[in-house]
Amino acid sequence: MSRTGYTGEDGFELYHASGDAPALAEALLAAGTPLGLELTGLGARDSLRLEAGYPLYGHEITQDISPLTAGLAWTVKLDKGADFVGRAALLAEKQNGSPSTVVFFKTGDRRIVRADTQVLGSSEAVVGRVLSGTLSPILNEAIGSALIATGEISRPLEVDIRGARIHLQLVKPPFVELKKSSS
């Protein structure tokens, strides 16, 4: 059991053998149902982590999206003196800048902007792509992240959802402030 905050919520994560998952889930549900416990899935994880502004490997960070591009420079210690795989590439990126940047957005609209949707710049040119998108139940609007050409970040950005142009309002996460419990 840990409290890594992986989902952006003030809760717990349980680590166990995969074969124990069904019995553990059934025992937790039986004990928690009288207290209002309900099972949720990956959709809940995605809305919670996006509301907190947390990256997920395979979306906001990948083999092609470095920690620097993802806005996670604080996780990389380039001046530690120790070498590591990828250090030279990260030093070059830090010195030269990244051609793209991960940004977070909200739309003011309930239509969800799905991963891999093209992001359009002011000249109608494709300037990036959506990495993650969902509906925030707390904000009652679509939120997400995108990989955008660095030079386009200060310009108007839009996506096309089935013929409707939706403006992306860039925001600095978290979208929703976590209220910590006293436990």
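Ala, Val, Leu, Ile, Met, Phe, Trp, Tyr, Cys and Pro count here as nonpolar, Asp, Glu, Lys and Arg as charged, and the others, Gly among them, as polar. By this division, the lining of the largest pocket holds 14 nonpolar, 5 polar and 4 charged residues.

The structure is a predicted model, in which local features need pLDDT of at least 70 and side-chain atom pairs count only at pLDDT 80 or more, while totals for chains, interfaces and linings use all residues. Residues are numbered from 1 along each chain as its sequence is written, and side-chain values use heavy atoms, with hydrogens and water left out.

**The largest pocket**

A pocket is an open set of points on a 1 Å grid over the protein atoms alone, where a 1.4 Å probe fits, with protein on both sides within 12 Å along at least five of seven lines; lining residues have an atom within 4 Å of a point. The volume of the largest pocket is about 990 Å³. Among its 23 lining residues, Thr 7, Phe 12, Glu 13, Leu 14 and Thr 40 are the closest to the centre. Helix 1 (21-32) and helix 2 (42-52) are the elements that give two or more residues to this lining. Helix 1 gives the most, with 5 residues. Helices (H or I, at least four residues) and strands (E, at least two) are DSSP runs, numbered from the N terminus.

**Salt bridges**

A salt bridge is a side-chain nitrogen of Lys or Arg within 4 Å of a carboxyl oxygen of Asp or Glu.

| Pair | N to O distance |
|---|---|
| Asp 46 and Arg 49 | 3.0 Å |
| Glu 60 and Arg 49 | 3.0 Å |
| Glu 124 and Arg 165 | 2.7 Å |

Glu 124 lies in the loop between strand 2 (118-120) and strand 3 (126-136), and Arg 165 in strand 6 (residues 164-171), so that the pair links distant parts of the chain, 41 residues apart. Salt bridges with shared partners join Arg 45, Asp 46, Arg 49 and Glu 60 into one network.

Burial is judged by relative accessible area: buried means under 20%, exposed over 50%, and partly exposed in between (1.4 Å probe, protein chains only). Asp 46 is partly exposed at 21% relative accessibility, whereas Arg 49 is buried at 1%. Glu 60 lies in the loop between helix 2 and helix 3 (87-96), so its pairing with Arg 49 of helix 2 ties together parts that are 11 residues apart in sequence.

Note on methods. Grid points are joined across faces, edges and corners, and a volume is the space filled by probe spheres set on the points.
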